[in-house]
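Subject: Structure handover

Dear colleague,

Here is the structure for your files. My notes on it follow below.

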Amino acid sequence: MVLSKQAPYEKGVWEICVKNVLKRLALASMVFAGSAIQAQSVVYLSNSGNDSNIGSPDAPCKTLAAAYGKVYAGGRIVVMDSMQLDPITLSKAVTIDGCGKGVILGDEAGVSRPYHAVAVAAGASDRVVLQNLTLECRSGQTDEGVLFSSGKSLVIERCTFDGFTDAAVNVSVSNAAEVQIEDTTFTGSSMGVRFLGNSASVKFSLNRVRALGMGSTGFSLAGPGNSVLKDCEATGASYGLVVYKGDVQADGLSASQNGCGIQLNSGSLRLGDCVVAGNGTGVKVNGGALSSYGNNRVDGNGSGNGPFTTIGLK
């Protein structure tokens, strides 16, 4: 059969086939375009936004969940103005920048909430960053501010946590991971940071972190990995720093007005340029290996002031 000599019926069938192909191509291009619109490297949040928006500065989203659904893995969510954000579970690499305006509520009166304001359950290669955020528990129904259970790394920068019934940050990972917390303040929770990971390949770093008025412990380190505290403060808790296992180095730690400033139960703890003063007990060693660079000040405590001649503590 020669196409140029098609019968009317055959020609009609040919045209219908061509039209169907064109329709399918047009539909595919629309779907692709829609995906490109929905997925962004940076998604913006605003009180005046709408979750049907694409998440641009001129068309921001309304809720954190919608913004998270529209951001590429490895992308950034930016809060544009003062607003409350609902709890969320993060399962991909992302940066959430509250810009000093976003408040993630663990709970509030009359509203049932999950146990964590932010749960990080990401993949083995995923990096999650939380910065310039406030995380609050307002009615005593949320256990933890952040639970980190899986992922390559968690970074918390310039954040504040308040009022959680358990740990403000709970690190409980079984894979190799890195945790870095910087320029962050914990108030009014049971614990500031609890490190429970069971992997010796976890690297834990606290820089300029303040745990103020914790009900139980400022920093509780019970993971077998490596932990470094630099220029941190633990004040007004039952325990300032407790080490249960792992290898811990504390440089420039200030522990005061606690029931016990520093307690070592197991593992190893090295102290440098630390001040442990005004506690019920200064330094208490139940086990493990305590050593010092010889430039610490441990005095003015009810007990546990030394002398620590064998470890060089001053």
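Searching the whole structure, which is a predicted model, turns up two aromatic pairs. In one of them, the rings of Phe161 and Phe186 have their centres 5.2 Å apart and their planes at 50 degrees. Planes under 30 degrees apart would count as stacked and over 60 as edge-to-face, so this pair is tilted. Phe161 belongs to strand E10 (residues 160-162) and Phe186 to strand E12 (residues 177-187). The two residues are 25 residues apart, and their pair links distant parts of the chain. Buried means under 20% relative accessible area. Phe161, at 1% relative accessibility, therefore counts as buried, and Phe186, at 0%, counts as buried too.

The other pair is made by Phe195 and Phe204 and is stacked, with 4.9 Å from centre to centre and 5 degrees between the planes. Both Phe195 and Phe204 are buried.

There is also a charge over a ring to note. Lys92 lies over the face of Tyr68, and its distance from the ring centre is 4.6 Å.

Next, the sheet. Nine strands form an open sheet with parallel pairing, in the order E4-E6-E8-E11-E13-E15-E18-E21-E24. Its edges are strand E4 (88-90) and strand E24 (281-285), each of which pairs on one side only. On average, neighbouring strands of this sheet are turned by 5 degrees against each other, with direction ignored. Strand E15 (residues 217-221) pairs with strand E18 (residues 239-243) in the parallel sense, over four bridges. Ser220 stands opposite Val242, a residue of E18.

Last, the cysteines. How many disulfides does the count come to? The count comes to zero. A disulfide needs a pair of cysteine sulfur atoms within 2.5 Å. For Cys232, the closest cysteine sulfur is in Cys274, at 9.7 Å, which is too far for a bond. Cys232 has a relative accessible area of 2%, so Cys232 is buried. Cys159 is buried as well, because its relative accessible area is 1%.

Regards

Terms used. Residues numbered from 1 in each chain as written. Predicted model: local features only at pLDDT ≥ 70, side-chain atom pairs only at ≥ 80, totals over all residues. Heavy atoms only, no water. Phe/Tyr/Trp six-rings, centres within 6.5 Å; stacked < 30°, edge-to-face > 60°. Buried < 20%, exposed > 50% of the residue type's maximum accessible area, 1.4 Å probe, protein only. Lys NZ or Arg CZ within 6 Å of the ring centre and 35° of its normal. Pairing = 2+ DSSP bridges. Axes fitted to C-alpha atoms, helices over the stretch in contact; angles between N-to-C directions.
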